Amino acid sequence: MRVLIIAPTNFQSYATTILVKLIEDPNIEVVGVLIHKFTFRRIKNEFKRDGKRIFTKVFNKAILSEKKSLNYSFQTPKKILENFGIKADLKEICKEHNLYFKEVSLFNSSKLSKELSELKLDIGAFCGGGLLRDNFLNSFSFGVLNCHMGILPHYRGMDVVEWPFLENDKFNVGVTCHLMDKGIDTGDILEIVKVNPVKFHNFTELREYLSGVMYDLMLKNIASISLGDFEKSKQLESDGKQYFVMHPLLKKIAIKKYN
Amino acid sequence: MIKYFKKFIVHYNDSNIFIKSSGRYVYIINQALNKRNEIRLPFSFPRDFHFNIPILKRLLRSDAKEVIYDKNSKKLVIIRNGQVYLIVEKKYRLLGTIIGDAPLFNSHCIHSGMIYFGQYNQNNSRKEVYIYQIDVNNNLTIAFTFNSGEIRHIHSIAKDPYLDQRLWITTGDNNGECLLLYTDDNFKSISNLGDKSQDYRIVNIGFSENYLFYGTDNLVKENFLYIHNRRSGKREKILPIKQTAWFLKQDQTGKAILGTTVEHGKGCQVNYSSIFLSDDFGLSWNELIRIPKDIYPMPLFKWGTVSFSNGAQNLDDLFINVEGLKFLSGSTFNLHLITSFSDDDLRKIEVKKRDYFNNNMHLMLIIFRILSIYRNHKDIRYLNVLLKLIDWMPICQFVEKRKLRNLALRIYESSDNSSN
């Protein structure tokens with residue numbers, strides 16, 4: 001099984017942990033990493049999608065949660081890297097292991113698809129970075145895997161850790177490993193892991209826990225696929241709803257409900 | 001294509017002809033020939049002394065007029081200020097004068113080349129009331145006379161699409177004056193169906209093969225949407241409404257739209273106008289939108305109402321004219337804009353953000369529409385996008401923003417409490 005990791009930045013702990021673990025696995029052949037380059041266009045698009053909260057999101061992720069996540073009792077990608085004594089730097093790791101590494105401003109260009117086809121890839125491990133179109137997805141013989149921080153098919157899209165609380169459905173929180181297609185979280189489902197949110201104090205802690213689940217689930221499913229031991233179930237568009245970035249007032253209500 | 005106009009009333013639109021007006025100007029656009037005619041009706045004092053100031057136009061009733069277009073004969077008649085004009089190309093010819101200013105908006109009837117319309121004025125002294133007719137030779141005459149004291153005025157005249165010769169007439173306003181009449185012999189004889197009370201105060205009627213459907217314009221009691229069996233004469237309440245029902249339009253597929261009006265009186269319990277849509281000849285109705293009344297006092301600055309254009313084969317092509325309602329008064333928009341709103345539009349709004357909207361009027365229209373969708377379906381994604389749209393309203397509307405936000409959250413709280 002030839003696997004390519006697709007990551008939103010060079011320094012993402014989640015993608016780095018998966019890369020490190022896959023390199024160790026003798027049954028998997030890691031081809032390399034594809035990064036979505038930070039361009040003005042990308043920043044503009046993400047700002048358009050997320051608004052001002054993009055700044056708080058970056059600040060929280062890069063600075064606050066980096067330190068916090070190390071204090072949690074459960075496993076998180078950052079903690080795993082810390083235990084390994086590895087810095088999240090995909091480019092450096094690829095260089096060290098002589099792997100393919102590329103930063104692109106556009107995932108869906110025909111030039112890139114052609115290049116990826118020549119790499120004869122089986123699985124893409126998607127760790128973020130934007131929407132993928134058919135020509136990109138078709139470059140992988142099996143498909144591109146994504147671990148979605150929500151229960152599919154019910155909770156597609158954004159902020160799906162918080163949305164179940166507003167829907168009075170808080171036990172429908174978890175992670176779904178699925179194959180990506182051109183829709184938003186509408187591809188075939190491989191595995192769902194539900195998490196009891198009552199065990200955690202707040203959304204930040206819950207999200208950190210879920211990121212650990214995502215990491216486990218991604219590795220587990222890549223291994224299952226490589227052994228041919230997997231089942232996938234189709235989802236219909238009408239099986240679920242797509243959720244969008246949550247308005248701050250609703251977020252406040254969700255936080256209140258969590259507490 | 002998004003279709004709406006600021007400061008225009010759309011009177012008629014079909015696949016070829018589009019007729020809109022503003023004040024004494026009427027614009028006839030022949031879309032097939034790509035030709036546009038502008039008719040300037042005679043200046044009238046004081047109603048045309050408005051300097052194009054919207055609120056002055058409203059006060060002076062400068063937009064009030066009836067435009068009658070017969071698509072078979074291509075005849076165009078405009079009634080304004082009690083004068084009946086025949087329009088030929090860019091010129092008008094006076095056919096005669098009538099009592100009152102103009103008939104009620106788009107409540108006339110065209111049957112076998114004859115145009116019928118009713119007298120609509122205050123008529124406080126309850127003088128005789130006339131139904132007028134314009135024949136194929138363009139002679140304006142009286143088709144029927146109601147005796148002095150019999151009725152106040154005529155609300156509408158409509159051709160029954162299921163009975164060859166039948167015309168329906170509705171009148172008002174007080175108890176004893178509210179008639180639901182029909183004639184099968186061009187007004188030689190005329191019969192009444194109701195009890196003449198305000199329970200039968202009706203403006204427009206809709207038709208199916210077996211029944212009539214309409215809403216009441218009762219100012220003293222609660223109003224309802226009814227179906228009225230043609231054979232038994234019995235009627236059945238379909239839905240209570242909180243305001244008076246005036247205008248109704250339907251297409252041949254069974255789709256019908258009905259608008260309610262904010263007026264003074266016990267029949268009006270709320271301060272907003274609603275638009276209802278039916279897909280089954282009035283057997284069931286779905287509230288599409290609620291538009292609040294604006295701050296200007298009634299009736300000096302008009303009631304809060306919505307009226308509909310004539311001519312649309314498909315109801316989605318119909319235009320809705322808004323008067324006296326918040327943020328949208330004086331504007332007109334295509335019904336399709338609110339009926340077609342779906343999950344896909346939610347996605348488009350989330351992606352395009354403010355670029356989805358062409359102007360504030362469009363934004364407000366969608367806010368009111370989403371509010372109704374959320375109220376009816378309780379889908380929290382609609383509340384989410386609604387709160388975002390409210391944020392995008394101009395800062396100067398901060399009071400309205402707060403009101404709308406509170407209203408939206410109150411709906412959430414009430415549904416949340418009930419689901420708990």
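Two strands pair if DSSP finds at least two bridges between them. Strands themselves (E, at least two residues) and helices (H or I, at least four) are DSSP runs, numbered from the N terminus.

The structure is a predicted model, in which local features need pLDDT of at least 70, side-chain atom pairs count only at pLDDT 80 or more, and totals for chains, interfaces and linings use all residues. Residues are numbered from 1 along each chain as its sequence is written, while chains are lettered from A and ligands numbered from 1 in the order in which they are written.

**First stop: the sheet of chain A**

Select strand S1 (residues 2-7) and strand S2 (residues 29-36) of chain A, which pair in the parallel sense over 6 bridges. Within this pair, A:Leu4 has A:Gly32 of S2(A) as its bridge partner. Next, display helix H1 (residues 13-24) of chain A, which packs on the sheet and touches S1, S2 and strand S4 (121-126) of chain A. The direction of H1(A) makes about 165 degrees with that of S1(A); angles run from 0 to 180 degrees between N-to-C directions, and axes are lines fitted to C-alpha atoms, for helices over the stretch in contact.

Now widen the selection to the whole sheet: 7 strands of chain A form an open sheet in the order S3-S2-S1-S4-S5-S7-S8, with mixed pairing. Strand S3 (100-104) and strand S8 (189-194) of chain A stand at the edges, each with a single partner strand, so one side of each has no neighbour in the sheet. On average, neighbouring strands of this sheet are turned by 15 degrees against each other, direction ignored.

**Second stop: where chain A touches chain B**

The contact takes 12 residues from chain A and 10 residues from chain B, two residues being in contact if their C-beta atoms, placed from the backbone, lie within 7 Å. On the chain A side, strand S9 (241-243) and helix H10 (248-258) each supply at least two residues. The largest share of that side, 3 residues, comes from S9(A).

Strand S12 (residues 129-134) of chain B is joined to S13(B) by 6 bridges. There, B:Ile131 has B:Phe144 in S13(B) as its bridge partner.

**Last stop: a helix pair in chain B**

Finish with helix H4 (residues 360-377) and helix H5 (residues 380-391) of chain B, which pack at an angle of about 155 degrees with their axes 9 Å apart. H4(B) and H5(B) are therefore roughly antiparallel to each other, a term for angles over 145 degrees. Among the residues that meet are B:Leu363 and B:Ile366 in H4(B), and B:Tyr382 and B:Leu383 in H5(B).

Note on methods:
Angles under 35 degrees count as roughly parallel, over 145 as roughly antiparallel, 65 to 115 as roughly perpendicular and the rest as oblique.
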